[in-house]
Amino acid sequence: MNRQLIFGLIAIIAWASFSQAADDVVINAQKRRIQVIKKVAPSVVAVFGRGNLGGGSGVIISPEGYALTNFHVIASSGAFMKCGLNDGVLYDAVIVGIDPTGDVAIIKLLGRDDFPVAKLGDSDQVKVGDWAYAMGNPFLLATDFQPTVTYGIVSGVHRYQPPAGNNFLEYTDCIQVDSSINPGNSGGPLFNDDGDLIGINGRGSFEKRGRVNSGAGYAISINQIQYFMDHLLSGRIVDHATLGATVATDNEGRVVVGGILEQAEAFRRGLRVDDEIVSFAGRTIRSTNQFKNILGIYPKGWKLPLVYRHEEERHEIFVRLRGLHRQSELTPKPRRRRGQPQPKPDQPKPQNPTNPHGADTGPPEKFKHMHVKKTGFANYYFNKLKQDKLLGGLTKLGDFSKVSGTWKLTGKRTADKAPVELTISSKGLGARLGEDYFVHAMNGEPFADEPAGSGGLLAAMHHWKLFMTQEADAFTEFYYLGSEPLDGQSPHVDVLISELTGNETRWYFHHKTGEFLGFDTQLIDDVDECEIRFKGLKAFDSRQLPAQLIIRNGGQVFAAVDLEAASLAAGTVKKKEAEKKAE
Amino acid sequence: MSLNNKLVNSQLARNFLLLASILLFSQNAQAQSTSAAISNVQPRLVKIFGAGGVRGLHAYSTGFLVSSEGHIATVWSHVLDADEVSVVLNDGRRFMASVLGAEPQLDLAVLKIRLSEDDSELDLPHFNLKQVGTASAGTRILGFSNMFNVAAGDEPVSVLHGVVMAKTKLDARRGSFEVPFEGAVYIVDAITNNSGAAGGALTDRSGKLLGMIGKELRNSKSNTWVNYAVPMTDLGEPIEQMISGNFENKPRRDPADNPNRYRVTDFGIVMVPDVIFRTPAYVDSIAPNSAASKVGLRPDDLVLFVNDELIQSVRVLSEQMGYLESGDVLRLVVRRNDQLVTVEMLVPKKEQK
């Protein structure tokens with residue numbers, strides 16, 4: 001009897017430890033969730049537009065207050081908006097940059113330099129079945145700005161959701177979740193199980209059940225946003241890209257070129273109709289959708305590797321991507337003509353309840369200066385900040401502002417030690433390469449490809465001198481573009497763009513160190529640029545110039561020149577001209 | 001006696017300890033096993049493209065492979081209303097398939113992939129119909145389907161997670177039509193039943209097949225959408241019969257066909273003919289010397305309650321009769337000339353056939 005009791009007790013104890021163990025699993029999982037939510041909730045933003053124009057969500061990614069949201073959340077809110085954080089405080093915020101195609105916007109919360117931030121994750125590591133937290137302000141429920149958390153799993157990765165109208169709001173390579181995404185969640189963060197930001201929630205599949213969660217929500221991948229990050233911080237209205245070629249799947253299941261523009265760089269590099277696309281941007285291409293997915297995550301103007309097969313022969317090329325839209329298509333139109341149907345994008349747009357924080361009081365006086373209007377820009381103020389930073393770094397090379405006279409650079413061609421002389425003045429340009437001489441009189445004639453095969457070395461030299469001596473003022477257009485991998489590879493560079501009489505030059509600066517690495521000058525649209533790359537530095541008096549200039553065209557080296565001497569004359573004429581201009 | 005007890009108890013305790021240690025490790029293992037289950041199940045799902053695309057009818061649905069040579073179980077729907085449908089496997093391979101068998105009563109169809117002459121024999125990953133699982137309320141589930149036609153080409157279908165909320169009969173409708181399937185289904189809390197999701201697979205967290213995701217339905221009482229799956233225990237056999245060619249479509253099952261089922265005539269009651277959707281349960285005639293005549297039931301009595309269940313129609317009455325067992329007391333409340341009359345009868349023994 002006694003023994004039975006003891007055995008009974010053992011069974012009970014065993015049972016107790018069993019049930020305790022089960023509880024621990026549940027409790028630990030819950031504890032972990034609570035910790036993750038506690039960690040990330042302060043970075044989640046409730047966005048309110050001006051007027052009763054609804055709102056949405058966002059997430060802060062830098063202590064200065066830069067935050068990600070959806071373009072469609074702030075599309076109609078004007079330059080300034082109000083943002084609530086879970087500390088219960090309502091902050092002013094200003095628009096920074098927008099990506100209407102990818103449905104992303106960056107705004108900047110104002111008034112602090114120690115905002116809580118979300119840690120950016122790697123969305124390429126996201127797997128189907130991973131837990132995913134969607135956070136934000138669905139239905140604008142959170143009057144105290146405490147974000148709503150919906151918890152689910154990743155239902156699919158690398159999903160493609162077609163554009164909602166005129167190539168806008170296209171979700172490529174996006175993350176599909178069963179975490180509830182509802183109106184008001186738009187622009188809010190999707191976190192993984194560790195609380196890393198893996199995407200921005202933006203739309204869902206809605207059909208007959210009304211505009212509420214129906215089991216399929218979509219988040220723009222954070223990796224796509226990373227590619228666009230500096231473009232968006234530039235204050236511009238940024239564009240996505242096209243290869244200049246259409247692709248299709250043929251009968252054998254290969255992805256082949258269906259049509260190609262003769263103006264596209266891919267065409268100049270040899271890509272033709274019926275060629276098979278093997279890989280793009282380092283990813284093997286297996287379907288048309290996948291190609292669209294990959295193309296969709298890169299900004300206009302990026303150079304990317306493309307591998308194709310032409311008549312059984314494999315080719316590896318680098319191509320610069322063309323813009324998907326014309327500038328005029330990207331510039332928001334103030335009012336739609338009557339009778340023209342408004343595209344009804346397939347994404348949540350909060351309608352009820354009305355936004356309580358949108359009293360239309362105009363921009364706050366204190367921050368009014370932080371919004372500068374300019375065509376092609378969401379907010380030129382932030383572009384100017386970036387320009388100033390990059391140009392400020394140039395002063396390390398010396399003061400070039402007083403040497404706007406004639407430049408004479410002499411050296412030797414690296415390959416055969418032949419003498420090289422470059423003369424750059426406002427009256428004319430000259431180059432001697434060994435026994436060949438090239439000149440261009442500055443009489444208003446358009447630049448030609450001189451020396452032939454260089455892509456326009458003389459024009460490039462002219463732009464270089466203007467850039468070094470007068471900086472932004474010499475050009476008709478001058479702006480910060482964003483960042484990209486130099487020559488489709490590395491390093492990652494910040495890019496300034498200048499335009500003058502139809503010639504566009506891209507100026508490259510090392511993204512981390514700010515080092516001036518070179519530039520590309522293009523004579524006319526859709527021809528290969530003259531690419532100048534710098535190697536090393538050499539001091540000439542108090543100023544530093546590159547020790548070696550590498551001159552390339554269409555990716556092929558035209559010549560490399562070792563600089564030996566430089567005479568940079570002080571300019572007087574230019575100054576007077578500038579003064580005249582000012583008058 | 002005590003020796004036996006000792007053995008049993010210590011074994012019990014050991015089992016408990018084993019269980020406890022398994023559970024301690026299970027948190028991590030669970031995440032891994034779910035991920036493994038998903039990648040194990042996804043290759044067994046196919047996307048089906050067929051008729052539709054007009055008047056809001058989608059032209060796509062989902063199915064899952066049930067044999068290595070390309071038999072596919074899917075939902076019986078308008079999508080299959082074509083000579084051939086197109087089937088895209090998880091790896092992006094596209095085949096034509098034709099309907100091998102269908103049973104509208106079960107919302108079930110079986111397709112067979114057609115191979116052209118230069119195709120080599122298929123050896124496809126598939127669900128083993130002999131190894132299906134069952135679930136009850138609280139079972140954690142995964143739902144696999146190509147809802148909203150999100151996945152294209154070689155993209156895997158979408159996965160949702162949730163739990164079984166109940167296993168119960170469907171009281172639901174599709175448009176104005178009632179659901180043909182009469183058995184109990186799994187009701188889940190995940191939004192599994194979307195456009196194109198029907199024919200998808202419901203599995204447990206280890207990837208064991210539990211059911212086939214049904215069509216988009218509304219609860220006929222609350223008008224809310226119902227997410228459900230038909231248990232594989234009801235579908236396995238018909239699928240195998242369709243594959244082997246032995247399947248015979250059954251005429252619409254009439255509850256009255258079941259010889260063991262009680263009906264009103266067993267008590268000597270004849271109801272008015274069931275002619276409309278909700279024919280009121282009026283008594284048409286009473287057989288002389290029957291149980292009903294002994295308790296005084298009369299023609300034109302309106303049956304209101306059977307054993308405290310509200311009777312709205314002749315059909316509901318006949319359904320309620322189906323719950324009776326021999327030895328029960330059948331209590332009827334009828335309305336007669338604006339009066340409520342209660343009668344009780346003993347349920348007689350049925351002769352086994």
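Me: Hi! How many bridges join strand S5 to strand S6 in chain A?
Reply: There are 6 bridges between S5 (residues 90-99) and S6 (residues 104-109) of chain A, and the two run antiparallel. Strands here are DSSP runs of E with at least two residues, numbered from the N terminus, and two strands pair if DSSP finds at least two bridges between them. This is a predicted model, where local features need pLDDT of at least 70, side-chain atom pairs count only at pLDDT 80 or more, and totals for chains, interfaces and linings use all residues. Residues are numbered from 1 along each chain as its sequence is written, while chains are lettered from A and ligands numbered from 1 in the order in which they are written.

Me: Which residue is the bridge partner of Asp99(A) in S6(A)?
Reply: That would be Val104(A).

Me: And what do the 6 strands with S1 in the order close into?
Reply: A barrel, with antiparallel pairing and the order S1-S2-S3-S6-S5-S4 in chain A. On average, neighbouring strands of this sheet are turned by 40° against each other, direction ignored. Those axes are lines fitted to C-alpha atoms, for helices over the stretch in contact, and angles run from 0 to 180 degrees between N-to-C directions.

Me: Which strands does helix H3 of chain A lie across?
Reply: H3 (residues 222-233) lies across S3 (66-69), S5 and S6 of chain A, running at about 105° to S5(A). Helices are DSSP runs of H or I with at least four residues, and contact is counted if C-beta atoms, placed from the backbone, lie within 7 Å.

Me: Changing topic: is S9 of chain A mostly covered or uncovered?
Reply: Mostly covered: 7 of the 7 residues in S9 (171-177) are buried, that is, 20 or more other C-beta atoms, placed from the backbone, lie within 10 Å of their own.

Me: Which residue stands opposite Cys174(A) of S9(A)?
Reply: Arg159(A) does. S8 (residues 148-161) and S9 of chain A run antiparallel, joined by 4 bridges. Another 3 bridges join S9(A) to S12 (residues 217-221), also antiparallel, with Val177(A) opposite Gly217(A).

Me: How about the open sheet, how many strands form it?
Reply: 11 strands of chain A, paired antiparallel in the order S24-S23-S22-S21-S31-S30-S29-S28-S27-S26-S25. S24 (436-441) and S25 (477-485) stand at the edges with a single partner strand each, so one side of each has no neighbour in the sheet.

Me: Which helix packs on that sheet?
Reply: H7 (residues 380-394) of chain A, touching S25, S26 (492-500), S27 and S28, with its direction at about 80° to that of S25(A).

Notes
Buried ≥ 20, exposed ≤ 12 C-beta atoms within 10 Å, placed from the backbone. Contact = placed C-beta atoms within 7 Å.
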